[in-house]
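Subject: Structure for your review

Dear colleague,

Please find below the structure that I am handing over to you. My findings follow it.

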Amino acid sequence: MRPKILLLDDDKDLLELYREILSQLPSHPEIFTSSTGARALAMLAAEPFTLLVSDLNMPKMDGLQVLSIVRKKFPEVRTVVLTSVLDEQFRSRVYGLGVDLFWQKPSSGEEIKQFLECLESLLGREAQSGFRGVQSKSMVDIIQLECISQNSIVLKITNGPLTGRIWIQGGELIDAATDELSGEVAFHRILSWKAGNFESLPAEPGRERTIFNSYQGLLLETAQAQDEAHVRQAASPANAEDGSNSPLAPLARFPGVEFVLALKPGEAFDARGLENPQPVAAWGRQTLEQFRALGERLQAGPLQEVEGLGPQSNVALAPHANVDFCVGWQQDLSSSQIQDSMKKVLTLWVS
Amino acid sequence: MGIMNFFAKPSAALLPLPRGSFTVDREGRVLASTLPQAFPNNMAEDIAMEVLEAFRAAQTAHLVVREVVVRFANLKLTARELRGGAIIFLVPQTLSSKPS
C-alpha cells in the first residue's frame with residue numbers, strides 16, 4: 001500500500017515545491033497538503049496518514065502546537081519537522097514532543113537527497129518492540145544464535161537506565177551481571193526485560209566463570225519462572241493480602257525507596273510502605289494534574305517528573321503510561337540522584 | 001541557488017521558553033524578576049499559583065516539602081518556599097544540557 005504523507009506549511013508555494021520533491025521518493029507516496037494547523041488536524045482525523053511533515057513557524061497555530069496535539073491524538077503518525085528555525089531550544093522542544101525527525105530546510109541538492117533518504121527510511125520503518133540491532137528478535141533468540149554458533153562474545157544490553165552484560169565463551173554462557181547482581185540471578189533478571197538495545201563487545205577470555213548450567217537449561221528456567229510469575233499474578237487475590245507478589249514489591253525493595261504508590265486511572269491506587277496512603281495519593285494526583293496542565297500552557301513538553309524535597313524525606317512523582325507513580329525517597333538523596341533512581345524504578349516496573 | 005532562496009521565510013515568531021528567576025508573595029504576586037521582558041507577567045503568576053498550591057497541598061497531605069522540582073521535557077522549574085511565598089527558577093532544557 002502506498003504511504004500517505006501530509007505536508008503542512010503556511011507558504012503555499014513551498015508546499016507545491018515539497019510535493020514535487022517528495023514525489024521522487026521510491027515508495028511513491030500519496031501526498032496531501034495543508035496550509036493551516038487546524039486544517040491539517042481535520043485531515044488527520046478524517047483519514048489515516050503515515051507521515052506528517054510540518055513547518056514550525058506558522059501564524060495562528062504554530063508547529064509546536066500542532067505537533068503536540070498530533071502526538072497525543074494520532075500517536076501512530078510519524079512526524080517530521082522541516083524548518084528554517086535553527087535555535088537549539090526549538091530542536092530540543094521538538095524532540096521532547098516525541099517527533100521522529102527534525103530537519104533544517106535543505107540548502108543544497110545533496111541535503112535534499114539526504115532528506116529524501118531519511119524520509120524513505122522513516123516510511124519503511126515498522127513500529128515494533130524487541131531488541132534494536134536484530135529487529136523482532138527476542139533476547140532468547142539472540143543468545144541461542146550466539147551459543148549455537150559457538151561464538152565468544154560479550155553482549156551488552158541496555159534497557160533505559162539499566163545495563164547488563166552476558167559473557168559467552170565458545171558458545172557457553174559463563175557469566176552475567178547487572179547492577180548489583182551477577183551470575184545466574186543477573187541472567188534471569190536481564191532476560192525479564194522486554195525491550196532494549198544490545199551491542200556486541202569483544203570477547204573477554206579471562207572472565208571468571210560463574211555460570212555452569214547449560215544455556216538451554218538456563219533459558220528453560222527463565223521461561224518457567226516467567227510463566228509461573230504470570231500465573232501467580234493472574235490467580236491470586238490472596239497474594240494481595242501481604243503484597244509479597246505485588247508488582248510493586250520489587251520497586252519497594254529498590255535502594256533508597258521508603259514507599260511506593262501506583263496511582264491508577266480514577267481513584268484506585270496500590271501502595272507499599274505507607275500506613276495511610278490516601279492523602280499522599282490525593283496530593284500526587286492533584287500535583288501531577290496541575291503541572292501537566294501548566295506544561296501544556298507553557299508548551300514546555302511532556303511532564304517527566306515532579307520532586308518534593310523536604311528536611312525529613314523526599315517524594316517524587318512520575319507519569320508512566322496509564323499509571324502515575326509516587327515514590328518516597330530517603331532524605332539524604334539529592335535531586336539528581338532521585339531523578340536517576342526514579343528512571344530505574346520505572347524501568348523495573350516495565351520489566 | 002533559486003531553490004535554496006525559495007526555502008527561506010521570515011524569521012521565527014515562536015515564543016522561546018523563559019530563563020530566569022522570580023520571587024512571589026503568598027498570593028502569587030511577582031515581587032522581583034529576572035525573566036525576559038517578553039515573557040508575560042500573567043504567565044509567571046500562573047506558574048507561581050501552581051507552585052504555591054503544590055506546597056499547600058503537600059502540607060494537607062502531611063508531607064513536609066520545602067522545595068519542588070518540576071521536570072518537563074524542555075524546561076526545569078525549581079521552586080523554594082519562602083515564608084509562604086516562593087522563589088522560582090526556570091531553565092530551558094536543550095539536548096546538550098540534558099544529562100545523557
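Two residues are in contact if their C-beta atoms, placed from the backbone, lie within 7 Å. On that basis, residues 24 or more positions apart account for 38% of the contacts in chain B with a separation of 6 or more. Please note that the model is predicted.

Chain B

Chain B has 100 residues, of which 33% are buried. Two helices and five strands are found in chain B, and along the sequence they follow the pattern α-β-β-α-β-β-β. Strand S1 (residues 20-24) and strand S2 (residues 30-33) of chain B are paired antiparallel through three bridges, with B:Phe22 opposite B:Ser33 in S2(B). These two strands, S1(B) and S2(B), form a hairpin with five residues between them. In the turn, B:Gly28 has a positive phi of about 90 degrees.

The contact between the chains

Chain A contributes 47 residues to the contact and chain B contributes 38 residues. On the side of chain B that touches chain A, helix H1 (2-6), helix H2 (41-60) and strand S3 (67-72) of chain B each supply at least two residues. H2(B) provides the largest share of that side, eight residues. By class, the side of chain B that touches chain A comprises 25 nonpolar, six polar and seven charged residues.

The sheet that spans both chains

Strand S14 (residues 303-309) of chain A and S3(B) run antiparallel and are joined by six bridges; A:Val306 has B:Val70 in S3(B) as its bridge partner. Both strands belong to an open sheet of 10 strands with antiparallel pairing, in the order S13(A)-S12(A)-S16(A)-S15(A)-S14(A)-S3(B)-S4(B)-S5(B)-S1(B)-S2(B). At its edges are strand S13 (269-272) of chain A and S2 of chain B, each of which pairs on one side only. On average, neighbouring strands of this sheet are turned by 15 degrees against each other, direction ignored.

Within chain A, S14(A) also pairs with strand S15 (residues 313-320) in the antiparallel sense, over four bridges, and A:Gly308 stands opposite A:Val315 in S15(A). H2(B) packs on the sheet, where it touches S14 of chain A together with S1, S2, S3, S4 and strand S5 (85-92) of chain B. The direction of H2(B) makes about 120 degrees with that of S5(B). Helix H11 (residues 278-298) of chain A lies across strands of both chains, among them S14 of chain A and S3 of chain B, and runs at about 130 degrees to S14(A).

The parallel sheet of chain A

Chain A also holds an open sheet of five strands in the order S2-S1-S3-S4-S5, with parallel pairing. S2 and strand S5 (101-104) of chain A stand at the edges with a single partner strand each, so one side of each is left without a neighbour in the sheet. Neighbouring strands here are turned by 20 degrees against each other on average, direction ignored. Within this sheet, strand S3 (residues 51-54) and strand S4 (residues 78-83) of chain A pair in the parallel sense over four bridges, and the bridge partner of A:Val53 in S4(A) is A:Val80.

Helix H1 of chain A

In helix H1 (residues 12-22) of chain A, A:Leu14, A:Leu15 and A:Tyr18 are buried. They lie on the same side of H1(A) because they cover an arc of only 100 degrees around the axis. A:Lys12, A:Asp13, A:Glu16 and A:Glu20, on the other side of H1(A), are exposed. The cover over the buried residues of H1(A) includes strand S1 (4-8) and strand S2 (30-34) of chain A.

With kind regards

Methods. Residues numbered from 1 in each chain as written. Chains lettered and ligands numbered in written order. Predicted model: local features only at pLDDT ≥ 70, side-chain atom pairs only at ≥ 80, totals over all residues. Buried ≥ 20, exposed ≤ 12 C-beta atoms within 10 Å, placed from the backbone. Arc of directions from axis to C-beta. Nonpolar A, V, L, I, M, F, W, Y, C, P; charged D, E, K, R; others polar. Pairing = 2+ DSSP bridges. Axes fitted to C-alpha atoms, helices over the stretch in contact; angles between N-to-C directions.
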